[in-house]
Amino acid sequence: MKNRKLVLSIAIISIVILMASVFAFTSGCSKKVEPLSEYWTEGSNVSASLIEYVTKVTNTKDETNFIPIKDRIAVFDMDGTLTCETYYTYYDTMMFIEYCLVDYPDKVSDELKAVAAAIEPGYVADETLARNFAKAYAGMTIKEFYDYSVAFGQKKTESFNNMRYIDGFYLPMVEVVKYLYDNGFTIYVVSGTERTTTRAIVANSPIKDYVTSNHIIGTEFEVKERGHEDEPSNMNYKYVDGDELVVTGGFIQKNLNANKAIYIEREIGKRPVLAFGNSGSDTSMMYYTLDSRNPYPTQAYMIVADDNVREWGRQDWAAKSQEYIEMGFIPVSMKNDFAKIYPDSITRADEQYHKH
């Protein structure tokens, strides 16, 4: 009889412990998460606002604001939001230039070499340029394209001392990604850079542990089965062991402006609750997040490149911040909110760029 009571007591205690563990996991409070501090200035209103937001939406006792883990979705633009995008450091543009003019000039047309040579400060990273990017990599397998994207990241930019292209991630934003991840958020990178390149960048960056390859949304180049690139559709061909998927040179869609909202809907299937961007091409993603039909509390942050000492930012804080506030976004000053932008070993060069 005593043994039966003992077994019953142990079983009850085990169930209680299990239920407590499940509750802690589902509430997003299974561990103590350190708030933002290391790379954000003391007293930053921006970091305080994010901490306040995360605290309330992860609190199971806050019935009004609590967001279940399955719906805690945060979307980040990449270039200019997570990583440096100024000329000489804009990853996909400089990769195109290096591919056409330095690494593989024999593989691209004279027309593409001329396009690459003509890119100068102030260039527009529009769909026309992206179409030329797609043409440059025509014939490469997805793995070859991915591997080249990784290899390019090891090259050094001339805009900074001791910076490889892959080193351009902003430390405060890396901290934000980790902070959200630790609080049960699913992180998506929604970039104007092509998807395979974005995957290569993220997988070799400080945020690699927090963003999986299937959570990358980017510009789309056409991909088909090798040997069937000229067919209108690959519907009439079945992939078999050993086949290769290749970049055809065709172009599908640039992931900017309203396309960001469209791609989020198509690939995620629900609205994010947090959005981070840095330019007008991100506003559609921000508004899609802040939409009044979103059932949860939302916030959207815009990075303002106003630091021209540690970075090459020349945006006017007063004008830009006011513009973003009027749009319903929270502006982030790189100059005043970021305690540190890059590791100590990386410093701004004397000149941002020069003619070769």
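Glu229 counts as partly exposed because its relative accessibility is 26%, a class that lies between buried (under 20% relative accessible area) and exposed (over 50%), with a 1.4 Å probe and protein chains only. The model is predicted, so local features need pLDDT of at least 70 and side-chain atom pairs count only at pLDDT 80 or more, while totals for chains, interfaces and linings use all residues. Residues are numbered from 1 along each chain as its sequence is written, and side-chain values use heavy atoms, with hydrogens and water left out.

**The chain as a whole**
- The protein chain has 11 helices and 9 strands, which are DSSP runs numbered from the N terminus (helices are H or I with at least four residues, strands are E with at least two).
- Taken along the principal axes, the C-alpha atoms of the protein chain fill a box of roughly 90 × 55 × 40 Å.
- Of the 356 residues in the protein chain, 48% are buried.
- Among contacts (heavy atoms within 4.5 Å) in the protein chain between residues at least 6 apart in sequence, 74% join residues at least 24 apart.

**Glu229 and its surroundings**
- Glu229 sits in the loop that runs between strand E4 (216-225) and strand E5 (245-253).
- When residues up to four places away in sequence are not counted, Glu229 touches Lys224, Val246 and Thr248.
- A polar atom of the side chain of Glu229 lies 2.7 Å from the backbone nitrogen of Gly227.
- Glu229 and Lys156 are 73 residues apart along the chain, and their C-alpha atoms are separated by 35 Å.

- Strand E3 (residues 186-194) is largely enclosed by the rest of the structure, because 8 of its 9 residues are buried.
- E4 is likewise largely enclosed by the rest of the structure, because 8 of its 10 residues are buried.
- Strand E1 (residues 73-76) pairs with E3 in the parallel sense over 4 bridges, where pairing requires that DSSP finds at least two bridges between two strands; in this pair, Ile73 has Thr186 in E3 as its bridge partner.
- E3 and E4 run parallel and are joined by 3 bridges; Val190 has Ile217 in E4 as its bridge partner, and Glu194 stands opposite Thr219 in E4.
- E4 and E5 pair in the antiparallel sense over 5 bridges, and here Val223 has Val247 in E5 as its bridge partner.

**The largest pocket**
- The largest pocket holds about 780 Å³ of space, where a pocket is an open set of points on a 1 Å grid over the protein atoms alone, with protein on both sides within 12 Å along at least five of seven lines, and lining residues have an atom within 4 Å of a point.
- The largest pocket is lined by 37 residues, and the closest to its centre are Glu85, Thr86, Tyr90, Asn278 and Ser279.
- Two or more residues of this lining come from each of helix H3 (91-103), helix H5 (127-136) and E3, and H5 gives the most, with 3 residues.
- By type, the lining of the largest pocket divides into 16 nonpolar, 12 polar and 9 charged residues (Ala, Val, Leu, Ile, Met, Phe, Trp, Tyr, Cys and Pro count as nonpolar, Asp, Glu, Lys and Arg as charged, and the others, Gly among them, as polar).

How values were computed: Polar contact = N/O pair within 3.5 Å; in protein donor to acceptor, adjacent residues only side chain to side chain. 1 Å grid on protein atoms, 1.4 Å probe; cavity = no way out; pocket = protein on both sides within 12 Å on 5 of 7 lines; lining within 4 Å. Points joined across faces, edges and corners; volume = space filled by probe spheres on them.
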